[in-house]
Amino acid sequence: MVNSHLSKRSQLQVLDIGSYDVNGSYKQFFDKPGWRYTGVDLAAGPNVDVVLSSPYRLPFPSFSVDVVVSGQAFEHVEFFWLTWMEMSRVVRPGGLIFLLAPSRGPEHRYPQDCWRFYPDGYRALAKYTSMELLEVSTDWDPSAHPDSAPWGDTVGVFRQRQLSLMARWRRRFAQHVRYLAVPGFH
């Protein structure tokens, strides 16, 4: 996914949402010259550069990140659509979001386990924030490896559309209104 969508020669700012290294991380895929990786999570620990006070507010300027990656985190976020709006807010026009989330698997509370995702859900997320869904796939068939057999993921690549200055301003204004009005952003 990374090699097919990102040029190895580019200067990239990469943001990993849910980066705490429990059983591996995505950092290795973004360890290229000129690429700056920042891991964020709700708790300090391995592979966490920035500790968030809320999963619904990212402490980064709008349109400031080239790539946002989040893997195996969305099922744990109660109001994932609020986190999705923040991810969409910080990614630059033309920038990408790589989202990996379980499509099946046993409950694994950390601290809660709320959701499973399918391709139509990713289409809905793209539509919700006017992103372009470049590709989506789901592991429908169980893995041959016994430890992985119950698990499957939906993987999507989204691109931030080019936005006029007026559209950027409207998005920033709407985000500030949401911060003030929508429960969960506090």
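How exposed is Arg-116, in terms of relative accessible area? Arg-116 is partly exposed, with a relative accessible area of 25%, where buried means under 20% relative accessible area, exposed over 50% and partly exposed in between, computed with a 1.4 Å probe on protein chains only. The model shown in these views is predicted, so local features need pLDDT of at least 70 and side-chain atom pairs count only at pLDDT 80 or more, while totals for chains, interfaces and linings use all residues. Residues are numbered from 1 along each chain as its sequence is written, and side-chain values use heavy atoms, with hydrogens and water left out.

**View 1. The salt bridge of Arg-116 and Asp-113.** Arg-116 forms a salt bridge with Asp-113, and their closest N and O atoms are 2.7 Å apart; a salt bridge is a side-chain nitrogen of Lys or Arg within 4 Å of a carboxyl oxygen of Asp or Glu. Whereas Arg-116 is partly exposed, Asp-113 is buried, with a relative accessible area of 14%. The structure holds five salt bridges.

**View 2. The open sheet of seven strands.** The strands follow the order S3-S2-S1-S4-S5-S7-S6, with mixed pairing. Strand S3 (50-51) and strand S6 (132-138) are the edge strands, each of which pairs on one side only. Strands and helices here are DSSP runs numbered from the N terminus, strands (E) of at least two residues and helices (H or I) of at least four, and two strands pair if DSSP finds at least two bridges between them. S1 and S2 pair in the parallel sense over six bridges, and the bridge partner of Gln-13 in S2 is Arg-36.

**View 3. Strand S4 between its parallel neighbours S1 and S5.** Four bridges join strand S1 (residues 12-17) to S4 in a parallel arrangement, with Asp-16 standing opposite Val-69 in S4. Six bridges join S4 to strand S5 (residues 91-104), again running parallel, and here Val-68 stands opposite Ile-97 in S5. Seven of the seven residues of S4 (residues 65-71) are buried, so the strand is largely enclosed by the rest of the structure.

**View 4. The salt bridge of Arg-92 and Asp-66.** The side chains of Arg-92 and Asp-66 meet in a salt bridge, at 2.8 Å from N to O. Because Arg-92 lies in strand S5 and Asp-66 in strand S4, the pair ties together parts that are 26 residues apart in sequence. Arg-92 is partly exposed, with a relative accessible area of 32%, whereas Asp-66 is buried, at 17%.

View 5. S4, helix H2 (residues 80-90) and S5 make a right-handed β-α-β unit; a crossover is right-handed if, with the strands pointing away from the viewer, the path from the first strand over the helix to the second runs clockwise. Glu-86 is buried, with a relative accessible area of 0%, and Arg-89 counts as buried at 11% relative accessibility.

**View 6. Asp-41, a buried residue of strand S2.** Asp-41 lies in strand S2 (residues 35-41) and is buried yet has no salt bridge, the nearest side chain of opposite charge, Lys-27, being 13 Å away; Lys and Arg count as positive and Asp and Glu as negative, while His and the chain ends are not counted. The side chain of Asp-41 reaches the backbone nitrogen of Ser-19 at 3.3 Å. Not counting residues up to four places away in sequence, Asp-41 touches several residues, including Gly-18, Tyr-20 and Val-48.

View 7. Most residues other than glycine have a negative phi, and most peptide bonds are trans.

Note on methods
A polar contact is a pair of N or O atoms within 3.5 Å; within protein, one must be able to donate a hydrogen and the other to accept it, and residues adjacent in sequence count only if both atoms are side-chain atoms. Contact means heavy atoms within 4.5 Å.
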